[in-house]
Amino acid sequence: MSPRAPTWPRMFLTAALLLGGCTQDASTPESGQEASGNTLRKLRAEADRVRKGGAPSARPEAEPEQEARLAGLAAGMGETAPSKLRLPAPNDTVHVDTVAMKLTGLESSHTVKGSSGKTGLGLTTEDLFLRVELVTQNVGKAPASLSLAGAWLTDAKGQTYPLARDAQAVAGTKPLPATWAPEQRTEVVLLFELPPEAVQDDGLALVVKGAGGDVRIPLR
């Protein structure tokens, strides 16, 4: 079961107008909030550089049709509002160690935009961004450590899709928690990038790694 190849060359960074390609530095491994923070700093620096008259960063050549489609999506041409998806039935509460999790929202879109404090930044993909909303609570009597930065999606064919770190950095509502105090209740947003057909896959599920092993949360 191997992760899907990254599609960063097909993703655009937008800062009010279409800017250069969005890339991810893979030379040194980063994880969790550190990676998200570094990514956001790079995106902001790129946006500031272009606003001051600099040329957008170069990106790999793409087919004219693909360029036109991405440019149109980034500019909002033919783009409808994000699509809210039906939650699975049943939608049971799932426990990852002592942290109870329940799916509260699913939404797909070609573009994600910066939340408050990140105005002007956005990402557009030819695939889809899937926004997964969860409400979580530590039902144990001791603090619980759990990394959601390593969560991923999997479909019926076993294809996997890791957290879209660039999108998470730009459009995540707040940093992902790493520790839950006893009875702590937290709303969490996770963002993934995947093909449209995968969004509709009947076997699509969120997988979270806990101390007791991998836990699946059905999304379809």
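I started with Thr154 and looked up its bridge partner in strand 12, which is Ala205. For my own record: strands are DSSP runs of E with at least two residues, helices are H or I runs of at least four, and both are numbered from the N terminus. This is a predicted model, where local features need pLDDT of at least 70 and side-chain atom pairs count only at pLDDT 80 or more, while totals for chains, interfaces and linings use all residues. Residues are numbered from 1 along each chain as its sequence is written, and side-chain values use heavy atoms, with hydrogens and water left out.

Next I checked the strands around that bridge. Strand 8 (residues 152-154) runs antiparallel to strand 12, and three bridges join them. I count two strands as paired if DSSP finds at least two bridges between them.

Then I followed Ala205 to strand 13, where its bridge partner is Pro218. Strand 13 (residues 213-218) pairs with strand 12 over six bridges, again in the antiparallel sense. Further along, I found Val207 opposite Arg216 of strand 13, and Val208 has Val215 as its bridge partner there. How many residues lie between strand 12 and strand 13 in their hairpin? I found two.

Is strand 12 mostly covered or mostly open? Covered: five of the six residues in 205-210 are buried. My cut-offs are under 20% relative accessible area for buried, over 50% for exposed, and partly exposed in between, with a 1.4 Å probe and protein chains only.

Last, the whole protein. I noted four helices and 13 strands, and 49% of the 220 residues count as buried. Among contacts (heavy atoms within 4.5 Å) with a separation of 6 or more, 72% come from residues 24 or more positions apart.
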